[in-house]
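Morning, everyone. Please bring the structure up on your screens, and we'll walk through a pocket, a surface patch and some salt bridges.

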Amino acid sequence: MQSLNENRRIHSIDAMRGFALFGILVVNFLSFHSPYTHIDPFSYWDTAGDSTVFPIIDVFFQASFYPLFSLLFGYGVMILKERAELKGVHSPLLLARRFLFLLIIGLCHALFIWHGDILVTYAIAGFALILFIELSGKLLILLGLLIYIIPNLLLVGILFLTLFIEPDLSAMMTTSVGDIVQVYQSGTWLEIVRQNIDDWLMNTNLATLPILMISILPLFLIGAGLRKLQVIEKLEQRRMTAIVLMIVFLITGYLIKLLPYFISPNLALQYVQDIFGGPLVAIGYSLLILTLVNSKIGIITKPLQIVGRLSMTNYLIQSIVATFLFYSYGFGLYGNVSLLTGTMIAILLYVCQIVLSMIWMKYFVYGPFEWCWRWFTYWQKPSTFKRI
């Protein structure tokens, strides 16, 4: 087993995490500037530019980056556990504190900043992960695959049945869109918070929690299992294997994600597209980054590595900046920008984050939220400044 020295970082994981943040930002911007969860995107964005951009986001970005981030989260949790045990620290308690901090930050983010928060779900799934973390690598992966595939196949079957029972089910998504746009675009801060909470509860509640869990927890388990088997470290030494697997996963994932365009964009096919095509593409992207990091041009992934090391800080800053741009307490651009314009703003924001992250990491050991998270996790004040 490779050394788990605190100073040794697996650069490919940082780069994957940074790349995942970019993809998550592009997808999240759909909800930052428009009522994405309340519309049919295939008909809502019907101008020439937007109708071209949405399929690109849908196939290459949508549901392909949160699975990547989830796999990396499980991988990182296992690394943290291993390092804690080498220091003689009780890892379940340490992980519980880590997920408690994530839950607190996630609730603040979800209730007062943006309804599309994923941190609360990550925290809840993280607590569940603790129950399985002592299993072997192979068993973690097998359990993750079973929890992911079986329930989701059942849901796909149910969704296909609803096509015959309720053909116009997707029309329900457009209810009160005008009112929602008005609140975010010109409402008071309190009205925005109320609408934000309503939107968050629509997607995160006792009814949707099981679906969120079968989408996130299994990926945590698989990521943790991959770490126990040292898969990333092994693939770093087997470049051709990584390239072949990358091609297989990307082609298979893209074909599944193109299904609604080959047939028809109904809810069942969209679910298949996201829940099965998305993770396959995510694995393909991870192998792409792994190959690049360990190639002669690996230097080009350095910006991704830096952004990835500040993943929580950059994720939260994305929400703060975007809501200030689009909500009424800022520039009030909600509902007034095209999908093409919104996507260009997202790319510009990410470029700014690369620059600012590189400047920050010249002087500091951790990002501000990472520093607080580490302090809460270990119950010890971490280093702040780098030695010059």
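Start with the second largest pocket; its volume is about 580 Å³. Keep in mind that this is a predicted model. The pocket is lined by 26 residues. Nearest its centre are L71, I222, L226, F249 and I283. Helices α4, α7, α10, α11, α12 and α14 each give two or more residues to that lining. The largest share, eight residues, is from α14. What classes of residue make up the lining? There are 24 nonpolar residues, two polar ones and no charged ones.

Now the surface. L139, L142, L145, L146, I149, I150, L153 and L154 make a nonpolar patch. Together they have about 720 Å² of accessible area. Take I149, which sits in helix α7. I149 is partly exposed, at 35% relative accessible area.

Next, charges. How many salt bridges does the structure hold? Five.

Look at K81. One partner is E85, at 2.8 Å from N to O. Both lie in helix α4, four residues apart, about one turn of the helix. K81 is buried, with 5% relative accessible area, whereas E85 is partly exposed at 39%.

K81 also forms a salt bridge with E134, with the closest N and O atoms 3.5 Å apart. E134 lies in the loop between α6 and α7, so this pair ties together parts 53 residues apart in sequence. E134 is exposed, at 56%.

Last pair: E82 and R227, at 2.9 Å from N to O. E82 is in α4 and R227 is in α10, so the bridge ties together parts 145 residues apart in sequence. Both residues are buried.

Methods
Residues are numbered from 1 along each chain as its sequence is written. This is a predicted model: local features need pLDDT of at least 70, side-chain atom pairs count only at pLDDT 80 or more; totals for chains, interfaces and linings use all residues. Side-chain values use heavy atoms; hydrogens and water are left out. On a 1 Å grid over the protein atoms alone, a cavity is a set of points where a 1.4 Å probe fits but cannot get out, and a pocket is an open set with protein on both sides within 12 Å along at least five of seven lines; lining residues have an atom within 4 Å of a point. Grid points are joined across faces, edges and corners, and a volume is the space filled by probe spheres set on the points. Ala, Val, Leu, Ile, Met, Phe, Trp, Tyr, Cys and Pro count as nonpolar, Asp, Glu, Lys and Arg as charged, and the others, Gly among them, as polar. Patches are made of residues with over 30% relative accessible area and no salt bridge: like charges are joined within 9 Å, nonpolar side chains (Val, Leu, Ile, Met, Phe, Trp, Tyr) within 5 Å. Accessible areas come from the Shrake-Rupley method with a 1.4 Å probe; for residues, only the protein chains shown count as cover. A salt bridge is a side-chain nitrogen of Lys or Arg within 4 Å of a carboxyl oxygen of Asp or Glu. Buried means under 20% relative accessible area, exposed over 50%, partly exposed in between (1.4 Å probe, protein chains only).
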